[in-house]
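Please have a look at the structure on the screen, and then I'll walk you through it.

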Amino acid sequence: MTTTIIDANVTKRFGKKKVLEDVTLTLTNNEIFGLLGPSGSGKTTLVKILCGIDVPTEGHVSVFGKKMPDLELIKRIGYMAQADALYHELTAKENLVFFASISGVKRNKRAERIQQVMKLVDLESDLNTKVETFSGGMKRRLSLAIALLHEPDILVLDEPTVGIDPALRNKIWDTFEILKESGVLIVVTTHVMDEAERCSRLGMVRDGQLIAIGTPDEIKTKTEASTIEQAFLSYGG
Amino acid sequence: MRVLAVVNRILKQFLHDKRTMALMILAPILVLTMLSLVFNGEELELKIGLIDVPSTVYTNMEQENVAFVKLDSDTDVNETLEQEDYDAILAFEQGESKLILEGSDPSINNVIIDNIKSEISPNTTSVSLSVEHLYGSQDLTTFDNIGPVLVGFFIFFFVFLIAGVSFLRERTQGTLERLLASPIKRWELVMGYVIGFGVFTTIQSSIIALYSIYVIDLMMEGSFFYVLIITVMIALSALTLGILLSAFAKNELQMIQFIPLVVVPQFFFAGLFKLETISDYLSWLGPLTPLYYGADALRDVMIRGQGLIEIWTNLVVLGGFSIVFIIMNIFALKKHRSI
Ligand SMILES: Nc1ncnc2c1ncn2[C@@H]1O[C@H](COP(=O)(O)OP(=O)(O)OP(=O)(O)O)[C@@H](O)[C@H]1O
Ligand SMILES: [Mg+2]
């Protein structure tokens, strides 16, 4: 059964500059919604508005039928920013414990959850390493682990797999699919075409406008392209 | 408890960053030690000129580290003090004695006055001693006098800087945005900072105060407990102001730019100079700065030996500053998330 989870219609301006123009989205559970678009097209701005960090200049965002921003709704969202937001002088574990208690993971479940998410991103052996010694990809994985910690109903991931090797990326996407099957809505931005193929639906963003929306197959048919990459290029990406 | 989580994290960050921790404790100690040596260092070698001193007095004038030199009766006192290296001149005129101090170095003045008094009084009880200064006045401060101000100032300085920079980093490294994408409330974050830094600065303040009083031997008439309360209150106002101003800085360097603008001027108004002697264009600023009240309270306790009855208004005002800054901080975070 599909139910609407996010319903949004937003326009966003920074000063005079229009960054998002009348973007309308309806997202349901059990889906991985991919946002595709050239650099600077407004993907990050859009996902920030969806998870309540930023507010639209015009329009609205409602999540589970309630208007954003709302602390009760924010609790149910896991957000991973495009830039890693980690405390570098702390160890991976200390970061996880901190974010776990901030996002309300029950004390008795914390250790178990930390083990689970760290296993998923293949960082179990680096729990007690300081983040400042992590490689770029390791930081990315830790950020992803933190977003998953509190088992959110909505995952908003801004380029989650940048700098992660193909094998691990594959494994992470397998997890996304399992989460999707269990009813989670995943919103993900990406520049990687084989990831786009694995999304349930795609939204093409260009210059702040949502120019196409549909399953990967629909998008390919519409543009008469054989790959998403060709479709992306034919939209002037 | 989300506040506790923030407190916990801040303390862990301190434990991992030994250098910052050392800076906050050792740097004030080092500077205070240096200043105490600068002010109270060597035994003084005094040179005092004598004019028309009765021989009954003069024959008894014999002291370590003081050279007494007889001068002619018609010596121009001011000119001699200005041009030669006399520290003071004692002149007798019709049974009256007059002590003219060179006066530019306050630490010497009191030593001379005590010296001369002890020299004259046993012999000539009838002679009154009047004291004049060529430069400065008797009210110029010595290390004992400015010591409490320095203790308050250094605590303010370092807490302001470190708290401001940590909060700034929270913004620049993206963790503030990440936190605001979590259900933490704005006040929980601010109070986490206040308590986390509060715990650390209590330890820092006690070490600095203990060191100043028992090792540097700063004058201490009142209760140590009050000194601790005052220094913690000073630290609290510094920390809340630092966090607030960090919102107006884009990077660490811009945070440091606040020091000459916001921190150093407070030092001038904190009793280093008498407020009456500061130009009217500026003196009204004094009562607007937290350190003004903190330093006054520290002096009340350390120099005048006073207690809660005298210092409570200062403490209330200091607390008021912190509460206002805390509320402004909670509002300032609205810029990042409206709820
Ligand atoms: N705080 C801001 N103030 C002014 N302009 C901004 C701000 N944030 C983003 N922009 C502008 O909005 C536009 C969209 O930026 P956004 O970060 O959403 O792009 P993006 O699609 O995520 O790009 P990328 O793929 O490179 O991450 C850019 O032109 C950017 O300059
Ligand atoms: Mg982006």
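Let's start with Lys48(A), which makes a salt bridge with Glu177(B). Their closest N and O atoms are 3.1 Å apart. By salt bridge I mean a side-chain nitrogen of Lys or Arg within 4 Å of a carboxyl oxygen of Asp or Glu. How many salt bridges does the rule find across the interface of chain A and chain B? The count is 1.

Quick housekeeping: this is a predicted model, where local features need pLDDT of at least 70, side-chain atom pairs count only at pLDDT 80 or more, and totals for chains, interfaces and linings use all residues. Residues are numbered from 1 along each chain as its sequence is written, chains are lettered from A and ligands numbered from 1 in the order in which they are written, and side-chain values use heavy atoms, with hydrogens and water left out.

Back to the interface. Between chain A and chain B there are 8 residue pairs in polar contact, both residues at pLDDT 80 or more. A polar contact is a pair of N or O atoms within 3.5 Å; within protein, one must be able to donate a hydrogen and the other to accept it, and residues adjacent in sequence count only if both atoms are side-chain atoms.

Which elements give two or more residues to chain A's side? They are α2 (71-74), α3 (92-102) and α5 (136-148) of chain A; helices here are DSSP runs of H or I with at least four residues, strands are E runs of at least two, and both are numbered from the N terminus. The largest share, 5 residues, comes from α3(A).

The contact, meaning heavy atoms within 4.5 Å, takes 28 residues from chain A and 25 residues from chain B. Together the two chains bury about 2,500 Å², with 66% of it on carbon and sulfur atoms. Buried area is the accessible area (1.4 Å probe) that two parts lose on being put together, summed over both. On chain A, the residues that lose the most area to chain B are Leu71(A), Tyr87(A) and Ile102(A), together 26% of what that side buries.

Now for ligand 1. It has 14 residues around it, and Ser39(A), Lys43(A), Thr44(A), Thr45(A) and Gln82(A) are the closest; a residue counts if one of its heavy atoms lies within 4 Å. Oxygen atoms of ligand 1 sit 2.6 Å from a polar side-chain atom of Ser39(A), 2.9 Å from a side-chain N or O atom of Lys17(A), and 3.3 Å from a polar backbone atom of Ser41(A). What gives the most to the shell around ligand 1? That's α1(A), with 3 residues.

Last, two backbone details. The peptide bond from Met68(A) to Pro69(A) is cis, with omega near -5 degrees. Asn30(A) isn't a glycine, yet it has a positive phi of about 50 degrees.
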